[in-house]
Amino acid sequence: MMEKFLQQSMDTEEKFYRYEEQRLKIEDKRREAEHARELQMLQMLGQMLAGISSTVSQRSQGIPSNPSQRSNHRAYGDNFNYNPVTTPLLPPIVIERSFSVHKTHSIKEMENIFQLVRNVIPPLTAKKHKGQDGRIGIVGGCQEYTGASYFAAITALKVGADLSHVFCTKDAASVIKSYSPELIVHPVLDRRDAVHEVEKWLPRLHSIVVGPGLGRDDALLENAKGIIEKAKIKGIPIVIDADGLWLIAQQPSVIQGYPRAILTPNAMEFSRLYEAVLRDPVDSGDQHGCLLRLSQALGNLTIVQKGERDLISDGEKVLVCSHEGSSRRCGGQGDLLSGSLGVLAHWAFLAGAEKTNGQNPFLVAAFGACSLTRQCNNQAFQKFGRSMTASDMVLEIGTSFNKLFET
């Protein structure tokens with residue numbers, strides 16, 4: 001039965017990815033056509049401006065000086081572009097900020113979009129003690145998947161957390177510990193009293209990341225569920241990724257209604273979650289609407305839908321991160337995202353609404369983590385090209401962080 005189920009799951013994923021490939025090809029053609037139309041319109045606009053420049057000069061004297069008479073004028077180059085998206089539940093807002101090879105933006109605009117992230121980053125000072133800037137827990141790591149929990153944990157340290165704990169299985173512990181002496185490794189996840197053992201550490205942790213390298217063993221998933229429930233009671237931010245999302249797809253009530261949760265699904269994981277919660281297939285033509293509906297159905301949780309562009313929503317807004325990355329898709333990139341998000345979620349939550357300008361702190365944290373991961377991807381790809389791996393991206397975290405948030 002298990003082999004049959006796994007084969008069906010693999011067939012379903014293969015069909016999904018074939019569909020995604022076709023959809024992306026269609027999307028590329030559509031963008032090329034739009035780009036051609038934009039160029040044509042710009043050429044026409046240039047001709048029109050050349051012909052009417054003298055007329056504009058003559059009419060400029062008639063422009064009303066009263067500001068109230070010009071209140072409908074829109075100033076381009078604002079911090080954000082707001083576009084309405086219609087859903088059956090709420091009239092949400094799409095906040096889009098794209099920095100890619102296809103669009104040109106001024107340094108001032110880039111400063112504006114990252115300022116909220118910069119606001120929540122705690123300053124370095126000699127007066128602090130160890131652990132004050134973040135103690136992050138990674139729940140995951142089994143015999144088959146030791147790399148994922150390592151990448152999430154080491155990324156948390158590289159981003160700026162002081163301590164990084166990994167709660168993994170006994171078989172995985174020595175392997176993960178051998179990757180790095182900086183990690184605190186707890187071989188408890190496959191024990192019967194795993195939930196109790198992890199619960200003892202929760203008061204010392206500022207956030208947890210559940211899922212990297214967790215696997216789909218029933219006992220491990222059940223322990224992860226118990227740990228999530230205990231973390232909710234403590235009120236700490238919870239990032240759920242990878243096989244943690246498999247658990248949520250089977251039992252959405254585990255996280256439903258907890259506002260300090262952040263889910264980070266890829267395309268396949270998002271489709272599985274959407275169908276499990278809303279009982280309908282994803283509408284590929286309405287990505288923003290689907291993301292909003294899923295977030296709202298889960299109680300306005302923050303969701304990061306990873307893809308060509310990262311879509312981030314709390315059920316009220318959609319924030320689009322198109323910061324330039326690369327075309328390389330090696331394993332482990334999602335683990336870097338979840339690890340960095342664990343740290344930034346703590347920082348943003350601790351900073352409060354004043355430093356996030358009233359924005360949802362987890363939206364700010366998610367945008368920062370997505371931008372950072374993409375920057376690491378870009379820098380590593382520039383050095384290694386097709387041979388780039390997640391380990392190469394880890395080495396770029398420090399310079400990427402400085403470039404985005406500290407220069």
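Trainee: At the start of α6, which backbone nitrogen does a side-chain oxygen of Asp 217 reach?

Mentor: In this predicted model, the side-chain oxygen of Asp 217 comes to within 3.0 Å of the backbone nitrogen of Ala 219. At the other end, just after α6, Gly 235 takes a positive phi of about 80°.

Trainee: What span should the 17 residues of α6 have?

Mentor: At 1.5 Å a residue, α6 should span 24 Å, and its end C-alpha atoms lie 25 Å apart, which agrees.

Trainee: Which residues of α6 are buried, and what covers them?

Mentor: The buried residues are Leu 220, Leu 221, Asn 223, Ala 224, Gly 226, Ile 227, Ile 228 and Ala 231. Their cover includes the strands β3, β6 and β7 as well as the helices α5 and α7.

Trainee: How are α6 and α7 to be described as a pair?

Mentor: Two packed helices are described by the angle between their axes and by the distance between those axes. Here the axes of α6 (residues 218-234) and α7 (residues 243-250) come within 10 Å and cross at roughly 85°. Angles of 65 to 115 degrees count as roughly perpendicular, and α6 and α7 are therefore roughly perpendicular to each other.

Trainee: Which residues make the contact?

Mentor: From α6 they are Leu 221, Ala 224, Lys 225 and Ile 228, and from α7 they are Asp 243, Trp 246 and Leu 247. Five of these residues are nonpolar, none is polar and two are charged.

Trainee: Turning to α4, is Ala 172 buried or exposed?

Mentor: Ala 172, in helix α4 (residues 170-179), is buried, with a relative accessible area of 0%. Beyond its neighbours within four places in sequence, Ala 172 contacts Gly 141, Cys 142, Gln 143 and Thr 146.

Conventions. Residues are numbered from 1 along each chain as its sequence is written. This is a predicted model: local features need pLDDT of at least 70, side-chain atom pairs count only at pLDDT 80 or more; totals for chains, interfaces and linings use all residues. Side-chain values use heavy atoms; hydrogens and water are left out. Axes are lines fitted to C-alpha atoms, for helices over the stretch in contact, and angles run from 0 to 180 degrees between N-to-C directions. Helices (H or I, at least four residues) and strands (E, at least two) are DSSP runs, numbered from the N terminus. Angles under 35 degrees count as roughly parallel, over 145 as roughly antiparallel, 65 to 115 as roughly perpendicular and the rest as oblique. Contact means heavy atoms within 4.5 Å. Ala, Val, Leu, Ile, Met, Phe, Trp, Tyr, Cys and Pro count as nonpolar, Asp, Glu, Lys and Arg as charged, and the others, Gly among them, as polar. Buried means under 20% relative accessible area, exposed over 50%, partly exposed in between (1.4 Å probe, protein chains only). The expected span of a helix is 1.5 Å times one less than its number of residues. A polar contact is a pair of N or O atoms within 3.5 Å; within protein, one must be able to donate a hydrogen and the other to accept it, and residues adjacent in sequence count only if both atoms are side-chain atoms.
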